[in-house]
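Me: Hi! Could you walk me through this model, one piece at a time?

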Amino acid sequence: MDVTVVGSGPNGLAAAVICARAGLKVQVIEAQPTLGGGARTAADSTFPSVFHDVCSAVHPLALASPFLAEFDLRARGVTLAVPEIAYANPLPGRPAAVAYRDLTRTCAELEDGASWRRLLGPLVRDAAAVKDFMLGDKRSVPRPLGPALRLGVRMLAQGTPAWRSLVGEDARALFTGVAAHAISRLPSLVSAGAGLMLATLAHSVGWPIPLGGSQAIADALIADLRAHGGELTAGVEVTEPPGGVAVFDTAPTALLPIYGGALPSRYAKALRRYRFGAGAAKVDFVLSDEIPWSDPRLLKAPTLHLGGTREQMAQAEADVTAGRHAQWPMVLAACPHVADPGRIDADGRRPFWTYAHVPSGSNVDATEAVTRVVERFAPGFRDVVVAVRPVPASRMTDHNANYVGGDITLGTGSVWRAIAGPIPRLNPWCTPVPKVYLCSAATPPGPGVHGMAGYYAARTLLRREFGITEMPKLTP
């Protein structure tokens with residue numbers, strides 16, 4: 001075997017597809033019984049006709065990713081439904097703040113829409129350049145330079161105490177909710193970068209939902225890999241160094257038990273000191289009917305940020321990063337059936353996907369905390385819940401070993417780590433062990449279903465190990 005990819009998340013599958021298309025013999029080994037990593041969909045244990053997304057449910061980066069654009073999901077039968085509302089932020093005692101796909105409509109419904117337009121308008125106009133920079137390898141000089149500079153200025157404005165430059169309680173909450181995807185203290189440069197990227201995509205390409213669930217993206221990659229001779233094995237944990245070239249779509253610390261004494265001492269020490277961030281506790285609900293939101297516009301919002309006001313979200317994230325459970329935790333939620341009615345079964349049941357931000361390694365069942373948060377904005381929510389499947393942060397590794405302590409961002413909660421990689425190196429996809437590479441979300445460009453970390457790792461190993469300097473075509 002020329003290349004062994006350990007882990008079958010979107011990045012691992014991207015690396016495998018590229019190597020297989022380059023003419024190499026490739027195998028993917030996955031410890032879980034099903035393939036797909038963070039892009040999996042599974043039947044509910046109580047109502048098997050209802051399907052939950054195991055990790056991510058909404059995929060702004062699937063439309064933004066250069067790798068997936070060339071791979072052409074649409075031509076492979078994957079439909080990415082783009083809803084009218086990208087995301088919404090309910091607010092206590094007042095109408096929700098709503099981010100529409102249409103920037104003008106969004107501004108029209110905010111207290112100070114001009115403030116929102118000043119922040120995002122220039123980035124939306126240069127959305128392609130912003131996307132290329134944020135999903136780039138962080139080692140190439142951006143061309144053109146202007147959009148990257150405008151992005152940097154706004155990161156400083158929204159990632160420091162100067163973030164009050166955004167006017168209006170609703171606009172501030174709307175941006176803070178999307179920035180909280182980074183699971184970081186607020187404000188911070190990493191949360192500002194995530195928020196600006198995701199908000200720009202909301203008003204340019206939208207926030208799509210794959211029809212049938214996230215598994216559709218993984219299945220398209222798997223089908224292409226098999227068509228080019230790749231082999232896939234699920235339910236097998238890698239405990240010894242694979243032969244040939246190895247690419248790990250795993251947390252960096254997974255190298256420690258596999259390579260042991262073969263790791264240079266300084267690198268091994270750095271891996272042992274690697275720190276993961278705060279956690280996410282997942283709660284999958286099955287609902288019998290629509291959620292009774294106080295603001296009826298939310299019935300058309302597939303993605304919801306349920307943290308309340310900017311001040312409430314900042315306090316909750318401060319508590320979590322300090323190791324305390326927040327009284328009102330930041331909750332991210334998704335109703336995929338809003339964009340994909342096929343997710344509603346014959347009896348009207350539908351999935352409701354949620355994460356609550358909690359301290360790393362928390363073993364607390366977040367069901368009641370999430371339910372209380374939803375009830376703040378939708379009194380009577382409890383009455384439509386017919387089944388619940390909680391996964392505490394401490395158990396997140398049961399269905400994805402990368403999520404140590406529940407950290408679904410793999411320890412990428414700083415700008416330095418986003419640029420330098422998990423262990424600072426000129427090429428963050430390489431390791432000091434010959435023929436061993438990393439391609440997980442711990443490497444640039446970071447978390448998300450985009451496949452770009454796999455793309456950069458494959459590009460590196462093709463050149464270094466096989467002398468292949470031209471990337472293979474990815475079109476069907």
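This is a predicted model: local features need pLDDT of at least 70, side-chain atom pairs count only at pLDDT 80 or more; totals for chains, interfaces and linings use all residues.

Me: Thanks! What order do the strands take in the open sheet of five?

Reply: The order is β9-β2-β1-β10-β16, with parallel pairing. Strands here are DSSP runs of E of at least two residues, helices are runs of H or I of at least four, and both are numbered from the N terminus. Two strands pair if DSSP finds at least two bridges between them.

Me: And which strands stand at the edges?

Reply: β9 (231–234) and β16 (436–438) do; each has a single partner strand, so one side of each is left without a neighbour in the sheet. The twist averages 20° from one strand to the next. Angles run from 0 to 180 degrees between N-to-C directions, with axes being lines fitted to C-alpha atoms, for helices over the stretch in contact.

Me: How many bridges link β2 and β9?

Reply: Four, in the parallel sense, with β2 covering residues 26–30. Within that pair, Gln-27 has Glu-231 of β9 as its bridge partner.

Me: Which strands does α1 lie across?

Reply: β1 (3–6), β2, β9 and β10 (245–248), and α1 runs at about 165° to β2.

Me: How do α1 and α10 sit relative to each other?

Reply: The axes of α1 (residues 10–21) and α10 (residues 215–227) come within 9 Å and cross at roughly 25°. The two helices are therefore roughly parallel to each other (under 35 degrees counts as roughly parallel, over 145 as roughly antiparallel, 65 to 115 as roughly perpendicular and the rest as oblique).

Me: Which residues meet there?

Reply: From α1 they are Pro-10, Leu-13, Ala-16, Val-17, Ala-20 and Arg-21, and from α10 they are Ala-218, Leu-221, Ile-222, Asp-224 and Leu-225. By class, that contact has nine nonpolar, no polar and two charged residues. Ala, Val, Leu, Ile, Met, Phe, Trp, Tyr, Cys and Pro count as nonpolar, Asp, Glu, Lys and Arg as charged, and the others, Gly among them, as polar. Contact means heavy atoms within 4.5 Å.

Me: New topic: why is β11 described as largely enclosed?

Reply: Nine of its nine residues are buried, so β11 is largely enclosed by the rest of the structure. Buried means under 20% relative accessible area, exposed over 50% and partly exposed in between, using a 1.4 Å probe and protein chains only.

Me: What does β11 pair with?

Reply: β11 is joined to β14 (residues 350–358) by nine bridges and to β15 (residues 385–391) by six, running antiparallel to β14 and to β15. Asp-284 stands opposite Trp-353 in β14, while Phe-285 has Val-388 in β15 as its bridge partner.

Me: What does Thr-367 touch?

Reply: Val-283, Phe-285, Val-388 and Pro-390, not counting residues up to four places away in sequence. Thr-367 is found in helix α14 (residues 367–377), and at 17% relative accessibility it counts as buried.

Me: Last one: where is Ser-288?

Reply: Ser-288 is in the loop between β11 (279–287) and β12 (303–305). At 32% relative accessibility, Ser-288 counts as partly exposed.

Methods. Residues are numbered from 1 along each chain as its sequence is written. Side-chain values use heavy atoms; hydrogens and water are left out.
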